[in-house]
There are 2 protein chains.
Amino acid sequence: MSEKINFEKKVLSENDRLAAVIRENLNARGILSLNLVSSPGSGKTSLLERTLKELGEKLNIALVAGDVQTENDANRLSKAGGRIVRPVITGGACHLDARMIDRALNKIDLSGTDVLFIENVGNLVCPSSYDLGEDMKVVLISTTEGDDKPLKYPSMFRRSSLMIINKTDLTEFTDFDIDKVKANARTINGDLEIFELSCRTGKGLDAWYEWLIDAAAKKKNSRQ
Amino acid sequence: MSEKINFEKKVLSENDRLAAVIRENLNARGILSLNLVSSPGSGKTSLLERTLKELGEKLNIALVAGDVQTENDANRLSKAGGRIVRPVITGGACHLDARMIDRALNKIDLSGTDVLFIENVGNLVCPSSYDLGEDMKVVLISTTEGDDKPLKYPSMFRRSSLMIINKTDLTEFTDFDIDKVKANARTINGDLEIFELSCRTGKGLDAWYEWLIDAAAKKKNSRQ
């Protein structure tokens with residue numbers, strides 16, 4: 001058992017070292033970087049598709065799209081107007097790590113970029129342990145998933161700064177209680193900022209866009 | 001990198017050795033054992049709740065309910081009439097392993113049991129690598145998740161024998177294409193048996209119950 005713990009510590013400390021290098025590079029350029037995490041199918045790609053379509057003129061967005069297999073998400077994001085979309089296939093690994101991000105960023109021209117989105121592998125457990133050098137983790141949860149998820153997968157909600165409740169258009173067809181999921185999430189992380197929206201109907205997206213534009217401007221100013 | 005691969009190989013071979021012991025024990029008792037795997041929120045617990053309520057008189061069912069944190073699922077299953085429900089909290093780990101199952105089974109009296117359900121951690125990646133000594137993996141996918149999931153998470157669909165498409169009552173409110181998910185799944189695994197059902201409305205559950213009763217009888221007979 002101690003062999004396992006020592007090995008995991010070593011892997012994580014190497015990851016943290018590289019994440020710090022990535023963070024320094026992004027900070028020097030004033031790029032806001034968001035690591036999107038969630039279960040498979042919560043709507044990370046859908047959120048990015050709409051954000052690209054509706055904010056693509058206002059913000060210069062770069063994306064790294066991680067998947068275990070296929071470039072489906074990266075292709076969807078390119079079709080949605082993404083100018084810089086870099087796919088990362090983990091080849092079986094259950095999370096993105098800083099090494100994968102470092103390699104991906106080395107193949108992208110980041111000059112002029114306002115926001116970097118990293119779409120992690122759909123997995124509510126493992127990606128929580130890996131710092132990718134991002135400013136913050138944004139966790140998505142959809143109304144079809146069950147409102148006790150923050151309690152059952154606490155690490156992800158503890159390490160995220162923002163929670164986006166997606167698929168609010170389906171709430172009426174489920175037993176999902178939005179007040180309950182918020183209360184559960186805030187039990188785990190009292191500082192969590194929360195958005196409710198539907199990528200399908202568009203309801204609630206305005207607040208997310210406002211937040212994003214504001215956060216990107218703050219990040220840009222922090223450099224000067 | 002080779003250090004990592006060697007370490008993973010060692011962990012998995014220890015797991016396989018213990019899984020073989022568990023399988024031998026369950027086979028000797030003629031117990032059908034199913035390892036339920038899926039994304040968080042696909043409806044593993046809901047399926048087990050309904051199965052317990054509606055087959056609890058016909059089949060003697062034991063359950064091991066795994067979660068990263070909380071005993072929420074185990075509590076739900078006990079309320080649904082589960083006589084033998086053993087919670088396993090992984091404490092951060094993203095999957096159940098054979099050691100956890102071995103410990104759990106040592107605390108259960110399995111005499112007279114027809115079916116053992118193991119409800120894995122909600123995670124479409126990591127649990128695919130861990131043999132728990134089960135007869136088969138049953139993968140759930142819900143219609144709110146996206147029909148390309150079998151392509152994006154192929155290992156889980158390759159190693160499962162059954163795929164249950166859940167939440168068919170919500171199909172009309174989503175872009176999910178049932179024919180497409182079946183085709184995608186069969187690209188990965190041509191032998192996959194597929195059920196379509198809704199744990200909410202009950203539609204399609206009869207076929208699952210019939211299959212379960214039949215499979216349990218076959219397993220019992222295989223012992224004699």
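Below are my entries, one topic at a time.

**Ground rules.** I am working with a predicted model, where local features need pLDDT of at least 70 and side-chain atom pairs count only at pLDDT 80 or more, while totals for chains, interfaces and linings use all residues. Residues are numbered from 1 along each chain as its sequence is written, chains are lettered from A and ligands numbered from 1 in the order in which they are written, and side-chain values use heavy atoms, with hydrogens and water left out.

**The two copies.** I superposed chain B on chain A: a rotation of 180° with 0.0 Å of shift along its axis does it, at RMSD 0.0 Å.

Two packed helices are described by the angle between their axes and the distance between the axes. Helices here are DSSP runs of H or I, at least four residues, numbered from the N terminus. Axes are lines fitted to C-alpha atoms over the stretch in contact, with angles from 0 to 180 degrees between N-to-C directions. I get about 20° and 9 Å between the axes for helix α2 (residues 44-55) and helix α3 (residues 72-79) of chain A. α2(A) and α3(A) are therefore roughly parallel (angles under 35 degrees count as that, and 65 to 115 as roughly perpendicular). α2(A) passes α3(A) in a right-handed crossing, meaning that the near helix is turned clockwise from the far one by less than a right angle. From α2(A), A:Thr45, A:Ser46, A:Leu48, A:Glu49 and A:Leu52 meet A:Asp73, A:Arg76 and A:Leu77 of α3(A). I count three nonpolar, two polar and three charged residues there. (Ala, Val, Leu, Ile, Met, Phe, Trp, Tyr, Cys and Pro are nonpolar, Asp, Glu, Lys and Arg charged, and the others, Gly among them, polar.)

**α2 on α8, chain B.** Here the axes of helix α2 (residues 44-55) and α8(B) come within 11 Å and cross at roughly 70°. That makes α2(B) roughly perpendicular to α8(B). The α2(B) side brings B:Leu47, B:Arg50, B:Thr51, B:Glu54 and B:Leu55, which meet B:Leu205, B:Trp208, B:Tyr209, B:Leu212 and B:Ile213 in α8(B). By class, this contact has seven nonpolar, one polar and two charged residues.

**B:Lys220.** I find B:Lys220 in helix α8 (residues 205-223) of chain B. Leaving out residues up to four places away in sequence, B:Lys220 touches B:Arg29, B:Gly30, B:Thr113 and B:Asp114. A polar atom of the B:Lys220 side chain lies 3.3 Å from the backbone oxygen of B:Thr113.

Conventions. Helix = DSSP H or I, 4+ residues; strand = E, 2+ residues; numbered from the N terminus. Polar contact = N/O pair within 3.5 Å; in protein donor to acceptor, adjacent residues only side chain to side chain. Contact = heavy atoms within 4.5 Å. Parallel < 35°, antiparallel > 145°, perpendicular 65-115°, else oblique. Least-squares fit on C-alpha atoms with pLDDT ≥ 70 in both.
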